[in-house]
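Visitor: I would like to know how the terms used for a model like this one are decided. Could you take me through them?

Guide: Gladly; let us look at it together.

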Amino acid sequence: MPTYDYRCKACGQTFEHFQSMKDDPITTCLLCGKSGEVDRLISNGGGIIFKGSGFYVTDYKSSSKSSESSTGSSGSTSN
């Protein structure tokens with residue numbers, strides 16, 4: 001479930017609210033309590049986080065070495 005950013009028109013405060021994507025946007029400010037004064041903000045979203053011993057090392061290291069050696073050898077023969 002995502003966290004949405006909201007801004008209250010009455011108090012000017014920005015706050016976050018954790019809710020389902022299927023839920024309707026909230027209409028009451030959680031900080032000042034005024035109803036009908038809240039706008040959902042468009043955010044850039046979260047980034048991808050790779051955790052562990054190394055996504056790149058375990059999945060792509062061997063294929064990138066073979067592509068480097070093939071481009072290096074073809075470049076040396078064309079001279």
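Visitor: What pattern does the chain follow, read along the sequence?

Guide: The chain follows the pattern β-β-β-α, with one helix and three strands. Helices (H or I, at least four residues) and strands (E, at least two) are DSSP runs, numbered from the N terminus. This is a predicted model, where local features need pLDDT of at least 70, side-chain atom pairs count only at pLDDT 80 or more, and totals for chains, interfaces and linings use all residues. Residues are numbered from 1 along each chain as its sequence is written, and side-chain values use heavy atoms, leaving out hydrogens and water.

Visitor: How do you know which strands pair with β1?

Guide: Two strands pair if DSSP finds at least two bridges between them. Five bridges join β1 to β2, and these two run antiparallel; β1 and β3 have three bridges, also in the antiparallel sense. Both counts meet the rule, so both are called pairs. Within them, Tyr4 stands opposite His17 in β2, and Tyr6 stands opposite Arg40 in β3.

Visitor: What lies between β1 and β2?

Guide: Five residues, and the two strands form a hairpin. In the turn, Gly12 has a positive phi of about 80°.

Visitor: Why is Cys8 called buried?

Guide: Buried means under 20% relative accessible area, exposed over 50%, and partly exposed in between (1.4 Å probe, protein chains only). Cys8 has 2%, so the word buried applies. Cys29, at 3%, is buried too. Leu41, in the loop between β3 and α1 (55-78), has 26% and therefore counts as partly exposed. Over the chain of 79 residues, 13% count as buried.

Visitor: What is the count of disulfides, and why?

Guide: The count is zero. A disulfide is a pair of cysteine sulfur atoms within 2.5 Å. For Cys8 the closest cysteine sulfur is in Cys11, at 3.6 Å, so that pair is too far for a bond.

Visitor: Which residues make up the largest nonpolar core?

Guide: Seven residues: Tyr4, Tyr6, Cys8, Phe15, Ile26, Cys29 and Val38. A nonpolar core is a set of buried Ala, Val, Leu, Ile, Met, Phe, Trp, Tyr and Cys residues joined through side-chain atoms within 4.5 Å. Strand β1 (residues 3-8) gives the most to this core, with three residues.

Visitor: What makes the Gln19 and Tyr6 side chains a polar contact?

Guide: A polar contact is a pair of N or O atoms within 3.5 Å; within protein, one must be able to donate a hydrogen and the other to accept it, and residues adjacent in sequence count only if both atoms are side-chain atoms. The side chains of Gln19 and Tyr6 make one at 2.5 Å, so the distance is within the cut-off. Gln19 sits in the loop between β2 (14-18) and β3 (38-40), and at 5% relative accessibility is buried.

Visitor: Which residues does Leu41 touch, beyond those up to four places away in sequence?

Guide: Asp5, Tyr6, Arg7 and Thr14, where contact means heavy atoms within 4.5 Å. Leu41 and Arg7 are 34 residues apart in sequence and 6.9 Å apart in space, C-alpha to C-alpha.
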